[in-house]
Amino acid sequence: MLEARDAVKNLHAYRPPLAGRVGLRLDFNESAVGCSPRVLARLRSLDSELLARYPEREPVEKEVAGFLGLDPAQVLLTNGVDEAIHLLSSTYLDPGDEALIVTPTFAMYAIFAQAEGARVVEVRAGANFTFPEKDLLGQLSPRTRLIAVANPNNPTGAAVAGDVLIQIAQAVPQAAVLVDEAYFEFHGETLVDAFINQTRQIENLFVARTFSKAYGLAGLRIGVLAGKARQMAMVRRVASPYNVNAAALAILPEALQDQEYVSRYVAQVLSNREKLQQELGNLGLHYWPSHANFVLVHVGPAHAEFVQALRNRGILVRDRHTDPGCEGCVRLTVGSDEHAATLIGALRDVVEQLGLRTRSRTELPTGVRA
């Protein structure tokens with residue numbers, strides 16, 4: 001009888017709660033306003049001939065490389081950041097190797113590493129979700145072959161200085177170090193320049209970006225992986241030449257050229273992030289200052305009731321209670337001015353309804369300080 005590999009049978013599948021998402025979607029960190037009108041116009045212009053042909057990735061990769069200030073040989077377009085993680089795992093991990101991740105974080109780092117038969121070593125974030133640099137360095141071994149860090153991190157919104165990540169990459173030259181910058185636009189700091197600055201010869205560093213968040217293209221699944229040309233040539237060997245669909249390739253140049261649209265949306269999110277954090281403080285709810293387009297807030301034992309109460313008001317948010325160290329926590333996506341005002345108004349009602357104003361700060365998860 002046909003059996004899946006043991007590594008696959010032992011995986012804990014990641015099944016995000018995508019069903020029944022009717023309402024104001026502040027649960028998956030998607031764009032609250034959607035893509036640029038220029039992108040929609042390009043989509044409407046697509047014809048049957050384009051869709052009948054196999055997609056050609058390289059010309060668009062050249063445009064993306066130019067946008068990032070890199071050589072095309074340093075850039076690979078991927079089917080979202082998820083595929084970038086998958087490709088790095090397939091390229092560098094053998095059964096018995098070790099992959100290090102800092103938890104809580106994006107679930108797919110561990111899943112793709114485990115699917116290759118690697119052992120995942122989880123390093124818990126420090127107090128208030130600070131980056132555990134010393135603990136992570138203490139877990140390095142000759143078997144360490146992959147380190148994945150989301151910067152800013154999901155679901156906490158915490159960020160780590162680029163120099164720290166550079167030092168980690170230099171400390172473990174035999175391992176691929178992935179810095180996932182999915183929320184870069186809301187943070188503004190990047191390690192892409194490490195590939196431009198030739199004085200930094202960091203062969204094992206990779207940076208991933210997505211166009212799902214600030215660009216509003218989550219439904220088209222397109223991201224980019226950057227690294228040193230020699231290593232990217234190895235990653236290309238395990239990538240399908242048709243991994244990015246024709247529609248995504250057709251609209252990406254338009255999305256890149258409409259930076260005014262992206263900047264305007266990002267400015268709204270940054271302003272509303274501050275408003276939301278201030279309101280959470282006024283309501284007596286503990287939150288962690290965020291560098292992304294969401295805020296993690298501690299609700300306590302009433303987390304499920306909190307999520308349902310907002311759903312009853314037509315607002316979807318994400319319960320993160322089961323993430324390591326996130327007991328009683330809920331993640332709130334920050335959106336446009338209108339959406340932020342709607343969320344804040346609903347939060348005031350829900351906090352009053354559930355009597356949360358004084359309970360949250362006294363019931364923080366272990367290791368978290370108010």
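Which residue stands opposite L332 in β13? V295 does. This is a predicted model, in which local features need pLDDT of at least 70, side-chain atom pairs count only at pLDDT 80 or more, and totals for chains, interfaces and linings use all residues. Residues are numbered from 1 along each chain as its sequence is written, and side-chain values use heavy atoms, with hydrogens and water left out.

- Strand β13 covers residues 329-333; strands (E, at least two residues) are DSSP runs, numbered from the N terminus.
- Of its 5 residues, 5 are buried, meaning under 20% relative accessible area with a 1.4 Å probe, protein chains only.
- Both faces of β13 are covered. C329, R331 and T333 lie on one side, V330 and L332 on the other.
- Strand β10 (residues 294-298) runs antiparallel to β13, joined by 5 bridges. Two strands pair if DSSP finds at least two bridges between them.
- Strand β12 (residues 318-319) also pairs with β13 in the antiparallel sense, over 2 bridges. R318 stands opposite R331 there.

**The seven-strand sheet**

- An open sheet of 7 strands runs in the order β2-β8-β7-β6-β5-β3-β4. Its pairing is mixed.
- The edge strands are β2 (75-78) and β4 (119-124), each pairing on one side only.
- Neighbouring strands of this sheet are turned by 20 degrees against each other on average, direction ignored. Axes are lines fitted to C-alpha atoms, and angles run from 0 to 180 degrees between N-to-C directions.

- β2 and strand β8 (residues 223-227) run antiparallel, with 4 bridges between them.
- L77 has V224 in β8 as its bridge partner.

Definitions and conventions. Buried < 20%, exposed > 50% of the residue type's maximum accessible area, 1.4 Å probe, protein only.
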